[in-house]
Amino acid sequence: MTYDVAIIGGGPGGYSAAVRAGQYGLKTAIIERQPRLGGTCLLVGCIPTKALLHTADVWDYFKDPGSQGIECQNPQLNYSKVLDRKNKIVTKHSKGVEFLMRKNKVEVIKGNARLLSGGRIEVEGAPGKQTVEAKNIILATGSEARMLPGLQPDNELILTNIEILDMPSIPKSIGIIGAGAVGVEFASIFNRFGSKVTILEMLPRVVPVEDEEISKELEKHFKKAGIRVETGARVENVRKNAKSVSLSATLTNGNKEEMEFDKLLVAVGRKPNTEAIGLENTRAQQDRGFVKVDAYQRTSEPGLYAIGDIVAGTPQLAHVATAEGMVAVGHIAGKQIRPINRNRIPGATYTDPGIGSVGLTEAQARAQGFDVKAGKFPFSANSKATILDKHEGFVKVVADATFGEILGVHIIGPEAFELISEAVTAMEAEATVESMMSTIHAHPTVYEAIGEAFNNVYGLAINI
Ligand code: NAD
């Protein structure tokens, strides 16, 4: 049988593309080498991490229930139950993905796929080798944690996003190399669960892809929460001891310090899974291991598309993979489809306070020659944030003075990762600062702070 579309990889990019292909009536197969569908995001990434983060949020309230007028004697964190809850959430949603495949008549083929020439894929699975033929193939093979030279994750001492999710107990101390999304999210979780957390980041600031003011604010709150943050740090000579990990860190002031941790999380980025998938049998072009695509996610091999973490030039985020999948399948099905607008991709980092952002940072906008006008509003002046006991952070709007064009919005604070949706929609609808100023925001809400930040582009915020 020849499929209309065969998708390699069952993560959010691949499974969403499979659903959409099924909806369009295309004869579709999805090939996955893991026993369960869901990919990194669902099985060992976004979903289990956010499940732990939610428990950390809830646990925070139990640290001082008296401040809410709640008397609660000696609350305890039962970590094995915390892990059970996380695992149940993952299982529920992985089963949900299987259901979606059945519902949309997508055939699930289990095994390791490798491209052959001419629209054929060799799949090696439990029944042995088989060849799958398809008119179109979508590569959605994802990525895996990059390691520092000479280090290997080992389930005991040196961990990636995978092993850290299943530690049987909360370690007394954790060292984290890298202050990107993975590093700061786990810092936020385990700091609140009681570990002593040290972050070692080589660049001058944490979350370096965010607006500089966001990085500064997060670092301030992390330090206040007791997380040791060392930016501009160089890590060398990582050694495994019987029950701990030691390393040498050269700090930004030039001092060298020996450090020892119960666990070491390596969170220095992810490398695309493109090495053993048979790309050499195609004309697809690569850039340092990433696959080059055009606006419709096409590689240089006719009928071969790529989406998600393996794509050159777009951020490695689940929602980007999904959006790229919609473009690829839409193109295959001959639908009118709009390519990804790289400037409208929201970021959502689940720390405490959280981060949500979209568009250009202030520095990027200035570098691109815009006549930048920025408006800020702090959550400390937002009544709902005070009610929630979450008044850290701010909303920052980056706009162009000429026509009030919204160039970017950067939020750090309560539910920032949810609040950013308003800014994404505004930019997608090409709203201006003026139209956002006259958009009515319900009271009392945390998202009123967004309206106020737009007011403040012109110095017209009401509540500060
Ligand atoms: P990242 O690329 O976002 O961050 C890695 C960090 O490690 C960078 O700040 C980098 O400067 C630092 N680094 C690299 N080498 C180092 C070294 N030798 N010593 C010290 N620091 C070093 O990577 P990540 O945090 O591993 O995340 C991987 C991908 O997954 C990213 O694209 C990220 O956006 C995505 N992700 C997103 C979310 C989310 O959206 N909530 C959560 C987790 C991961």
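Analyst: In this predicted model, a polar backbone atom of A348 lies 2.6 Å from a nitrogen atom of the ligand.

User: How much of the ligand does the protein bury?

Analyst: The protein buries 77% of the 840 Å² that the ligand exposes when taken alone.

User: And what lies 2.8 Å from a nitrogen atom of the ligand?

Analyst: That is a polar side-chain atom of E185.

User: Which residues come nearest to the ligand?

Analyst: There are 22 residues around the ligand, and those that come nearest are V182, E185, E201, G269 and A348.

User: How do the shell residues divide into nonpolar, polar and charged?

Analyst: The shell holds 13 nonpolar, 5 polar and 4 charged residues.

User: Which element gives the largest share of the shell?

Analyst: Helix 5 does, with 3 residues. Both helix 5 and strand 20 (347-349) supply at least two residues of the shell.

User: Changing topic to the rings: how many aromatic pairs are there?

Analyst: The count is 4 aromatic pairs. One of them joins Y79 and F193, edge-to-face, with 5.8 Å centre to centre and 75° between the planes.

User: Where in the chain do those two sit?

Analyst: Y79 belongs to helix 4 (residues 79-103) and F193 to helix 5 (residues 181-193). They are 114 residues apart, and the pair links distant parts of the chain.

User: Is F193 paired with F190 stacked or edge-to-face?

Analyst: The pair of F190 and F193 is edge-to-face, at 6.0 Å centre to centre and with 80° between the planes. Both residues lie in helix 5, 3 residues apart, which is about one turn of the helix.

User: Which residues do the ring pairs link into a cluster?

Analyst: The cluster consists of Y79, F186, F190 and F193.

User: One last topic: which charged end sits over the ring of Y24?

Analyst: That of K335, 4.7 Å from the ring centre. Likewise, K376 places its charged end over the ring of F394, at 4.3 Å from the centre of that ring.

Key
Residues numbered from 1 in each chain as written. Predicted model: local features only at pLDDT ≥ 70, side-chain atom pairs only at ≥ 80, totals over all residues. Heavy atoms only, no water. Phe/Tyr/Trp six-rings, centres within 6.5 Å; stacked < 30°, edge-to-face > 60°. Helix = DSSP H or I, 4+ residues; strand = E, 2+ residues; numbered from the N terminus. Lys NZ or Arg CZ within 6 Å of the ring centre and 35° of its normal. Near = heavy atom within 4 Å. Polar contact = N/O pair within 3.5 Å; in protein donor to acceptor, adjacent residues only side chain to side chain. Areas by Shrake-Rupley, 256 points an atom, 1.4 Å probe, with all protein chains shown as cover. Nonpolar A, V, L, I, M, F, W, Y, C, P; charged D, E, K, R; others polar.
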